[in-house]
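Have the structure open while you read.

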Amino acid sequence: MKIRTSENPHAFQTRLFNRLHACSLQGLLMNDRHEFTTAVEAVEYKAGDDTSIVPFTRSQLYARYVLAREAGVPFYVLCYIDGLYRIINVTEENGRVVLRVESWLNEAEFIQWWGERKQTVQSKQLNNGGEARLGGTVFDTVLRRHGYEWGGNIDGFILSGDNQHVACIIDNISVSRKDLNDEPSHYFHSSNPKHGPRYDGWYAAVKLAGQIQVPHLLFTIDKRDETKEHIGLTAIERLSPEGIFYVDGLKPNENVVEGMEAIARAVNGKIRTAMPPVLEEKTDEKYSRNT
């Protein structure tokens with residue numbers, strides 16, 4: 001079986017997320033009014049796979065359920081099995097994760113289900129290797145055949161100490177060491193189309209953090225050396241069509257933190273002190289948001 005993901009495996013990021021008890025969410029969908037509608041993960045099963053097994057732990061499912069609940073939307077695990085799509089609704093009862101099969105859909109029915117939930121336009125291509133990673137997944141192949149794209153994800157989030165609420169949202173960007181120490185203009189204003197994200201790419205995560213009133217942190221990690229325990233760390237104060245602005249004006253390249261435990265302390269400090277970000281909407285009605 002294969003979990004649908006656009007993430008590029010990175011040894012240090014994996015260890016860092018484990019240390020912070022951080023999770024990601026591969027799909028957060030919006031309607032045409034840019035309201036969140038659905039949280040999703042997706043799994044493709046191959047011949048011979050045990051289709052009764054969902055390849056997420058109960059704690060992983062619960063964390064994603066809490067994020068979806070905070071966003072005010074349902075959480076589904078989508079399963080492709082022998083040409084059909086099994087839609088599993090993930091909920092919680094008495095502190096325990098509950099999985100219920102809501103429906104089995106053929107391709108046409110699945111596309112209708114998706115179109116009712118994902119209505120924003122996604123036209124920006126992935127330039128960090130994600131396009132190649134997604135090329136072999138049945139979900140992206142089928143969606144594109146019908147004129148859709150998967151859309152945005154949430155790079156990371158951390159639950160509160162009691163696991164009842166989201167404590168922060170995380171954007172995680174891999175950069176070269178020189179970019180870790182240089183002015184990160186390519187995070188928004190670069191003329192290079194491969195660099196980003198811009199307003200579109202930041203929109204959903206900033207909107208979510210502001211909506212649920214938690215800090216939005218930015219991690220920049222070293223993509224060249226996966227053994228190095230260092231990140232550029234900041235918190236996002238405001239997103240506008242003109243740019244992204246950091247709390248106290250502190251750019252990630254100006255706050256490179258070394259060592260796993262020092263990073264964990266610094267992240268927890270940002271969670272305690274940073275305010276939720278402010279999202280300034282673009283007023284140009286011709287603007288098409290890629291989320």
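## The big picture

A word on surface first: accessible areas here come from the Shrake-Rupley method with a 1.4 Å probe. On that basis the protein exposes about 13,400 Å², and carbon and sulfur atoms supply 47% of it. Keep in mind that this is a predicted model.

The protein has eight helices and 14 strands. Of its 291 residues, 51% are buried. How many of the contacts between residues at least 6 apart in sequence join residues at least 24 apart? The figure is 69%.

In soluble globular proteins, nonpolar side chains tend to be buried together. In this model, the largest nonpolar core has 48 residues, and Phe75, Val77, Phe157, Val166, Ile169 and Leu208 are the ones with the most contacts inside it. Helix 7 (residues 199–212) gives this core its largest share, nine residues.

Leaving aside residues up to four places away in sequence, valine 77 touches Glu41, Val43, Val54, Phe56, Leu61, Arg86, Ile87, Ile88 and Val90.

## Strand 5, covered on both sides

Is strand 5 mostly covered or mostly open? Mostly covered: seven of its seven residues are buried. In a regular strand the side chains alternate between the two faces of the sheet. For strand 5, one side carries Phe75, Val77, Cys79 and Ile81, the other carries Tyr76, Leu78 and Tyr80, and all of these are buried.

Strand 4 (residues 36–44) runs parallel to strand 5, and six bridges join the two. Within strand 5, phenylalanine 75 has alanine 39 standing opposite.

## A hairpin next along the chain

Strand 6 (residues 84–93) and strand 7 (residues 96–105) run antiparallel, with nine bridges between them. Glutamate 93 has arginine 96, in strand 7, as its bridge partner. Two residues sit between the strands of this hairpin, and asparagine 94 takes a positive phi near 55° there.

## Aromatic pairs

Searching the whole structure turns up 11 aromatic pairs. One of them is tyrosine 76 with tryptophan 113, an edge-to-face pair at 5.3 Å centre to centre with 80° between the planes. Tyrosine 76 belongs to strand 5 (residues 75–81) and tryptophan 113 to helix 3 (residues 107–117), so this pair ties together parts that are 37 residues apart in sequence. Both tyrosine 76 and tryptophan 113 are buried.

Why does the pair of phenylalanine 139 and tryptophan 150 count as edge-to-face? Planes over 60 degrees apart fall in that class, and these two rings have their planes at 75°, with centres 6.4 Å apart, so the pair is edge-to-face. Phenylalanine 139 is in helix 5 (residues 138–145) and tryptophan 150 is in the loop between helix 5 and strand 8 (154–159), 11 residues apart. Both phenylalanine 139 and tryptophan 150 are buried.

## The ring cluster and a charge over a ring

Which residues do ring pairs link into a cluster? They are Tyr76, Tyr80, Tyr85, Phe110, Trp113, Trp114, Phe139 and Trp150.

One more ring is worth a look: arginine 238 lies over the face of phenylalanine 245, 4.0 Å from the ring centre.

Definitions and conventions:
Residues numbered from 1 in each chain as written. Predicted model: local features only at pLDDT ≥ 70, side-chain atom pairs only at ≥ 80, totals over all residues. Heavy atoms only, no water. Helix = DSSP H or I, 4+ residues; strand = E, 2+ residues; numbered from the N terminus. Buried < 20%, exposed > 50% of the residue type's maximum accessible area, 1.4 Å probe, protein only. Contact = heavy atoms within 4.5 Å. Phe/Tyr/Trp six-rings, centres within 6.5 Å; stacked < 30°, edge-to-face > 60°. Lys NZ or Arg CZ within 6 Å of the ring centre and 35° of its normal. Core = buried A, V, L, I, M, F, W, Y, C linked by side-chain atoms within 4.5 Å. Pairing = 2+ DSSP bridges.
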